[in-house]
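Visitor: Please take me through one part of this model in detail. I would like the ligand site, and then its setting in the chain.

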Amino acid sequence: MSKHLDEARRILAVNDRGGYTVPTDRLYPFQWNWDSAFVAMGFSLYDVDRAYRELERLAEGQWADGMIPHIVFHQPSDTYFPGANVWRTRHSVPTSGITQPPVFAIALRKVHEAAGPAEARTPPLYEAALKWHRWWYSARDPKGTGLVALLHPWESGSDNSPAWDLALARVPTTTETAVARKDTGHVNAEMRPRDEDYRRFIHLVDTYAACDWEPARQWEKAPFKVAEVQTTAILLKAGEDLEHLARLLGRQDDAAEIAALNALSRKALLAQWRPEFSRFVSRDLISGEDVAAPTQAGFIPLLSLDLEEEIAGALVNEMKAWSKGVKVAFPTTKPGIESFEPKRYWRGPAWAIINWLLIDGLKRNGQTDLAEELRKSTIDAIETEGFAEYFDPTTGEGCGGLGFSWTAAAYLWLIRQ
Ligand code: GLC
């Protein structure tokens with residue numbers, strides 16, 4: 001085995017805390033939702049048992065209403081803020097009160113396909129995924145538009161993306177909870193979200209805790225509500241995989257229900273295409289306006305739509321224009337614009353898992369050359385700089401936390417294609 005493959009597996013082993021994997025030591029000391037889904041796909045390549053375990057441990061955090069939270073606090077740790085006490089949720093295993101991109105069913109299908117005789121572990125996880133998808137459509141799209149909405153930027157997984165700047169500016173900076181950040185003690189503050197953003201993030205937590213985390217009350221009170229294309233695109237891809245599993249398991253009624261939701265989201269997502277930007281755009285449900293900020297989210301619908309040649313061609317040209325002259329693609333914000341900050345988290349850096357989604361989407365749409373270029377450049381960045389949380393696209397430098405689980409999982413997955 002190559003030394004990098006060996007190192008990727010070693011990172012997943014070191015970050016194991018008993019059947020679940022922390023994203024990295026200290027900076028993220030609990031189980032994170034979409035990180036674990038990517039990690040499970042990584043494990044599925046060499047340890048199916050451990051892959052199932054990752055998803056099973058995540059499902060321990062699932063709420064009675066179907067939501068799978070963004071963090072499951074299996075064991076206490078004092079190296080992260082906001083911890084369990086700030087969220088004030090009621091689940092028996094402490095959890096946060098918001099969610100994260102629904103990669104779960106995408107991972108479940110891959111684990112199932114790798115499983116062989118272990119596949120008896122699939123049905124309970126399938127049920128968990130189905131409940132969660134139903135939650136998305138009822139709690140986060142109560143009007144049945146087909147696009148699901150986020151009530152907190154962290155739900156996107158792209159915490160401080162310029163996509164949120166306008167919507168977040170309306171959220172007050174006042175908090176009931178004292179904001180005692182821990183992240184800037186682990187990594188350079190220049191790489192992290194700003195203090196002011198943090199106060200707004202916590203204002204939202206206070207607001208929803210005061211709604212007892214009840215979806216209908218939160219929907220009504222939310223000062224931040226964005227119907228989002230990246231999340232909907234992931235939900236739709238996961239919905240396709242869930243529909244496939246439903247048929248395999250003989251659940252014909254479920255399959256028909258999921259197929260109808262998929263059709264609704266497919267149509268809604270396609271309606272978010274904006275030829276003038278050569279991207280898809282999210283919608284701010286409070287202002288009623290399109291989110292025009294140019295971020296990677298606008299390209300993620302490649303993952304779950306079979307696009308007409310004209311649209312796919314325009315998207316690919318736009319992606320090439322963003323990647324021109326960068327050392328490591330794909331930048332999460334368009335280079336050259338004012339909000340582009342190549343080292344600050346989701347305001348420019350390249351992330352291996354975003355590349356993974358884009359590569360799958362490009363392949364789905366027959367764009368194999370760009371897919372291959374992106375795959376090679378992701379592997380190259382990791383082999384040169386190590387398993388960093390993300391990469392500065394202009395210099396290629398590995399930034400944020402090191403020994404990062406989802407970067408290891410992405411490497412394991414991308415190297416074998
Ligand atoms: C940050 C990222 C988020 C990720 C988490 C753990 O909050 O923005 O996407 O899930 O870290 O890695």
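**The ligand site**

Guide: Start with tryptophan 34: one of its polar side-chain atoms lies 3.0 Å from an oxygen atom of the ligand. That is a polar contact, a pair of N or O atoms within 3.5 Å. The model is predicted: local features need pLDDT of at least 70, side-chain atom pairs count only at pLDDT 80 or more, and totals for chains, interfaces and linings use all residues. Numbering runs from 1 along each chain as its sequence is written, and side-chain values use heavy atoms, with hydrogens and water left out.

Tyrosine 28 also takes part: an N or O atom of its side chain is 3.2 Å from a ligand oxygen. Glycine 157 uses its backbone instead, with an N or O atom 2.6 Å from an oxygen of the ligand. Taken alone, the ligand exposes 310 Å², and the protein buries 97% of that (Shrake-Rupley areas, 1.4 Å probe).

The ligand's space is the largest cavity. A cavity is a set of points, on a 1 Å grid over the protein atoms alone, where a 1.4 Å probe fits but cannot get out.

Around this site, the chain has 16 helices and nine strands (DSSP runs: H or I, at least four residues; E, at least two). The radius of gyration is 20 Å, close to the 22 Å that the globule rule gives for 417 residues, so the chain is as compact as a globular protein of that length. The radius is taken over C-alpha atoms; the rule is 2.2 Å times the number of residues to the power 0.38.

Most residues other than glycine have a negative phi, and most peptide bonds are trans. Arginine 26 has a positive phi of about 70 degrees, and sits in the loop between α1 (3-14) and β1 (31-32). The bond from phenylalanine 81 to proline 82 is cis.

Conventions: Polar contact = N/O pair within 3.5 Å; in protein donor to acceptor, adjacent residues only side chain to side chain. 1 Å grid on protein atoms, 1.4 Å probe; cavity = no way out; pocket = protein on both sides within 12 Å on 5 of 7 lines; lining within 4 Å. Sits in = over half its atoms within 2 Å of the grid points.
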